[in-house]
Each structure stands twice: as structure tokens, then as C-alpha cells.
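I'm opening a structure that is new to me and jotting down what I look up.

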Amino acid sequence: MRVDVISREYPPEVYGGAGVHVTELVRALRNDDLEVVVRAFGAPRDEPGVFSYGVPAELSGANPALTTLGTDLTIARDVAGADLVHSHTWYANAAGHVASLLHGIPHVVTAHSLEPLRPWKAEQLGGGYRLSSWIESAAFAGAASVIAVSHGMRRDILRAYPFLDEERVQVVHNGIDLERWVPTHDPELVRSFGIDPDRPSVVFVGRITRQKGLPYLLRAAALLPPDVQLVLCAGAPDTPEILAEVQGLVRDLQRQRSGVVWIERLLPQHELAAILSSATTFVCPSVYEPLGIVNLEAMACGAPVVGTATGGIPEVVADGVTGRLVPIDQMQDGTGTPTDPERFVADLARTLTEVVADPDAARALGRAGRDRAEREFGWDRIAERTEAIYRSLV
């Protein structure tokens, strides 16, 4: 059986959790009985079985959603000969949907996020947000199977797209490469970033986008004990506006306290693992998070996770066992905005303070997190479940 996997992201062009998911899933899926072809956006790649696609010249400079659609149509043409097509994120959904119609094959969609729950994308795409929303809705409606990366995400899918048959929406969690993501103790490397491994630290890793909740964390950080460092591995801003907001908050914080370290470049895996392993705690202040592979990466490195009790995060972070969950009441307008932002900031600061105040207890949470990652989130299990879905459709 040949499966064509379609993704905007694939190495070396990976910037988010969906790209990590596709990379690891493809590696785990490939076996003697399953041929996996990857069709990805971006520059040419030398990996066998991987094909790259740029923007059609006629659409150069057009709205990003339109250029995405143009690339998708080229990909759909080339899917000819596959037994099944599997797309990841709205960027690839049109390619999968059109290929399914054109070639008469099943289309599987993995939902890593949902356009109706990301209305702030209109800031980035303008009218393209209406186009991306239409693409996602049409692809979900026509898909033979929709895979949610968490039970929380499944509930969101059925709420956002009530026309879907519940039996077509299945849960396959994200996973983690347990051989690559291991506790990595390298204090000199950590010091090279301006981080003091002998001081307590709170580490954030993520894109600068509304859903990641970074402005709330920066406000909460002002309430942390003065000896606590804040390490931000944050880049790829969605818009100039949110970048300017974050820059202003970081400047204000750096005037108030020492140990505020902002690393804007994308870090190689070994360097990021060393920073995560040195953390007293990792923090995920997201207001929208279907699961959060970065939480699994932190757990695999032995760091406890303090995360918002929203989306799929509670399916990863066992409160009081592998980390702590921060309660949040959210507006039901699709933005995920806290109904009481000041309370959310205060609760986040209080929980972080409690974790960093007891380093021994934090290390115990981290060890339990590594154990949980090993038991439940290995990619071999995720690949087996995904292949079973494929075979049920062909």
C-alpha cells in the first residue's frame, strides 16, 4: 500500500508541532508493507521518497492562503498512483481533498488545530482566513477519517463541525522520540546562552502567536521570586503587532529583574534538550493547545510541566504527578481569551512559584513525566494506530 503524506512542514523546514509530528510519524510508519511518500512545501530535499513544492510563479506575491491553495493543486495532481492520501493542517488539506476527488482514494486528515478556534489568524491572513476556513471545512466534510491528536481536540472538532459523523473522528495522540529526547546535562552549553544553571529557571518554548499565551506568561513572570530566571525560546511571530507587544513586555521585564533570557533563533535539538533538562520547570501558558508536542519534549527531558488546563494539555500533564495544571475560564468566542485575565496571570504566577520553591519535588515531577512519556507516547504506538486506520479504509 502506498500512502502519500502531505505537509507544509518537513525537515529541514520545521517550525512547529505539526512538522515534528509528520517527521516522526513518517519515520515510524515506513516498513516493508507500507510505502510512504512525502509531499511537502518548500525547497528541494534529498531524502528518497520526499518531493518538494514551491509557490506557482503566477501566484507569487498573492495572499498567503491563495499561494497555499496553488501549491496544493500541484501536489494533488502528483498524488496519482497512491492508495490513500493523508494531510496535516489546513495548509495541506486542499491537496488531500482534491487528490481524493480526482484520484478516487480515501483522504485522512490529522487535525493539529482548527481554524474556527484561531480567529486571530485574520490578523495574519486578512481575507485569506476566510479561504483557509473554507478549505478546512470542505476537507473535513469529505475526509474518510479525521484524526484528532487528543480527546479535547476531538470534542472541539465535533463542536466546530457538527455535520461530521462521530464515528469518523478518532483520537491518535502525538508522540515523542524517546531516544533523541532524553535528559541532557550540559551546564557549559546552557551558560553559553546566558542562563545560570545554578539558579532556578522557568523555560518557555514556542512560536510567538496568540494561542501560545506568551503575553500572559510575561506578566506572570513579574510576580515570580527575584532569583527565578525566565528563559524564552520564542520566535516565528505571526504578525508584527504581536511581536511588538512581546518585545515591549520583555523590555519592561528586563528593567525590573535579572535573568530574563530571550533566544529568538530556532535551536538544534541537542541545545534545546540541554535547556529543557536544566529547567526547574517548563511552562505552557497556551490559551489554545490541541496537545502540545513541546510538553512531551520537556517531559522526556525530565522537566516538570506547568500548563494551562485547556485543550489536550490535561491529557499530557497529570496534575500533581508530572506537573501542575493552571485553571482557566475562557470566552466562548473562539479566541480562548481568559474571562478574567488578571486572575489567570495570578494563578499562573502562583503555580510557577510553588513549583520552583521546592526543587526536589520539581525533580520528582520531572522523573514521573519521563516515565509517563515512555509508557504512553512512544511513536511506535502512534504509528501502529495510524496504520490500522489506513488499512480499515483501503
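Started with strand pairing: I find β8 and β9 running parallel, joined by 7 bridges. This is a predicted model, so I keep that in mind throughout.

Is β8 buried or exposed? I get 7 of its 7 residues buried, so the rest of the structure largely encloses this strand. I went through both faces: one side has Ser-201, Val-203, Val-205 and Arg-207, the other has Val-202, Phe-204 and Gly-206, and all of them are buried.

Then I turned to the largest nonpolar core. Which of its 38 residues touch the most other members? My list reads Ile-275, Leu-276 and Phe-282. Elements giving two or more residues to this core include β8 (201–207), β9 (229–235), α10 (269–278) and β11 (281–284).

Leaving out residues up to four places away in sequence, Leu-276 touches Trp-181, Val-203, Val-205, Phe-282, Glu-297, Ala-298, Cys-301 and Ala-303. Apart from that core I noted another one, of 33 residues, with Leu-214, Val-228, Leu-253 and Leu-352 among them.

A general reminder to myself: in soluble globular proteins, nonpolar side chains tend to be buried together.

How values were computed
Residues numbered from 1 in each chain as written. Predicted model: local features only at pLDDT ≥ 70, side-chain atom pairs only at ≥ 80, totals over all residues. Heavy atoms only, no water. Core = buried A, V, L, I, M, F, W, Y, C linked by side-chain atoms within 4.5 Å. Buried < 20%, exposed > 50% of the residue type's maximum accessible area, 1.4 Å probe, protein only. Helix = DSSP H or I, 4+ residues; strand = E, 2+ residues; numbered from the N terminus. Contact = heavy atoms within 4.5 Å. Pairing = 2+ DSSP bridges.
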